[in-house]
Amino acid sequence: MEEQLSIFVFNHGRFGEELIKSAELITGKIDNIQAFSLLPGMSIEDFYETVKEPVQKKEGKKLILCDLFGGTPCNVAMMISLQQKIDIVCGVNLPMLIDVVLSRGSGKSLDEIVKGALETGQKSVSTPEKIQRG
């Protein structure tokens, strides 16, 4: 049996929680996913203490999707990645999250899932006009 990939969304405000809810409208209930929100008044230390234990407790493959490269959630993700093997992708959007969720259990390696997430995230940023023209 393939071990399931744990997905964590590190973000500013309630973005991650709402992103997961939006993805579930399309994919159905998503298991083994958790959003961690950096809220007003939280320091980097507060955020680190909030996420450290839940992420460390999960067994198996782990992927952190961050909203913004260089922000506190991303910096904390990088701190955690120094302590354990964990992949990080920044710039999460809805198509990327759906791609990651649907790729779990497909037999793809974590490296392939990360590559697919990056490709889907980048390809989904466009204008309808450019899509129509090809």
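In this predicted model, Thr50 touches Phe36 and Met42, when residues up to four places away in sequence are not counted. Thr50 belongs to helix 2 and, with a relative accessibility of 38%, counts as partly exposed. Between the C-alpha atoms of Thr50 and Thr120 the separation is 29 Å, and the two residues stand 70 residues apart along the chain.

Phe47 is also part of helix 2. Its relative accessibility is 0%, so Phe47 counts as buried. Leaving out residues up to four places away in sequence, Phe47 touches Phe10, Phe36, Ser37, Leu38, Met42, Thr72, Pro73 and Val76. The C-alpha atom of Phe47 is separated by 15 Å from that of Ser81, a residue 34 residues apart from Phe47 along the chain.

**Helix pairs**

| Helix pair | Angle between axes | Axis distance |
|---|---|---|
| Helix 2 (residues 44-57) and helix 3 (residues 72-81) | about 50° | 10 Å |
| Helix 1 (residues 15-27) and helix 4 | about 60° | 10 Å |
| Helix 4 (residues 94-103) and helix 5 (residues 110-123) | roughly 150° | within 8 Å |

Helix 2 and helix 3 pack at an angle of about 50°, which means that helix 2 is oblique to helix 3. Their crossing is right-handed. On the side of helix 2 the contact is made by Ile44, Phe47, Tyr48, Val51, Lys52 and Val55, and on the side of helix 3 by Thr72, Pro73, Asn75, Val76, Met79 and Ile80. By class, the residues of this contact between helix 2 and helix 3 are nine nonpolar, two polar and one charged.

Helix 1 packs on helix 4 at an angle of about 60°, and helix 1 is therefore oblique to helix 4. Helix 1 passes helix 4 in a crossing that is right-handed. Leu19, Ile20, Ser22, Ala23, Ile26 and Thr27 of helix 1 meet Leu94, Leu97, Ile98, Val101 and Leu102 of helix 4. The contact of helix 1 with helix 4 comprises nine nonpolar and two polar residues, and no charged ones.

The axes of helix 4 and helix 5 cross at roughly 150°. Because angles over 145 degrees count as roughly antiparallel, helix 4 is roughly antiparallel to helix 5. This crossing of helix 4 and helix 5 is right-handed. In helix 4, the residues Pro95, Met96, Asp99, Val100 and Ser103 meet Ile113, Gly116, Ala117, Thr120 and Gly121 in helix 5. Five nonpolar, four polar and one charged residue make up the contact of helix 4 with helix 5.

In soluble globular proteins, nonpolar side chains tend to be buried together. The largest nonpolar core in this model has 22 residues, of which Leu5, Ile7, Leu63, Leu65, Leu97 and Val100 touch the most other members. At least two residues of this core come from each of strand 1 (6-12), helix 1, strand 2 (33-38), strand 3 (62-66), helix 4 and helix 5. Helix 4 supplies the largest share, five residues. For Val100, the contacts beyond its neighbours within four places in sequence are Leu5, Ile7, Leu63, Ile113 and Ala117. Another core, of 15 residues, lies apart from the largest one and includes Phe8, Tyr48, Ala77 and Ile80. Tyr48 and Ile80 also take part in the contact between helix 2 and helix 3.

Asn32 is found in the loop between helix 1 and strand 2. Most residues other than glycine have a negative phi. Asn32, by contrast, has a positive phi, near 60°. Its relative accessible area is 21%, so Asn32 is partly exposed.

Glu112 is a residue of helix 5. Its relative accessibility is 44%, and Glu112 therefore counts as partly exposed. The C-alpha atoms of Glu112 and Lys62 are separated by 13 Å, with the two residues 50 residues apart along the chain.

Notes. Residues numbered from 1 in each chain as written. Predicted model: local features only at pLDDT ≥ 70, side-chain atom pairs only at ≥ 80, totals over all residues. Heavy atoms only, no water. Axes fitted to C-alpha atoms, helices over the stretch in contact; angles between N-to-C directions. Helix = DSSP H or I, 4+ residues; strand = E, 2+ residues; numbered from the N terminus. Parallel < 35°, antiparallel > 145°, perpendicular 65-115°, else oblique. Left-handed = near helix turned anticlockwise from the far one by under 90°. Contact = heavy atoms within 4.5 Å. Nonpolar A, V, L, I, M, F, W, Y, C, P; charged D, E, K, R; others polar. Core = buried A, V, L, I, M, F, W, Y, C linked by side-chain atoms within 4.5 Å. Buried < 20%, exposed > 50% of the residue type's maximum accessible area, 1.4 Å probe, protein only.
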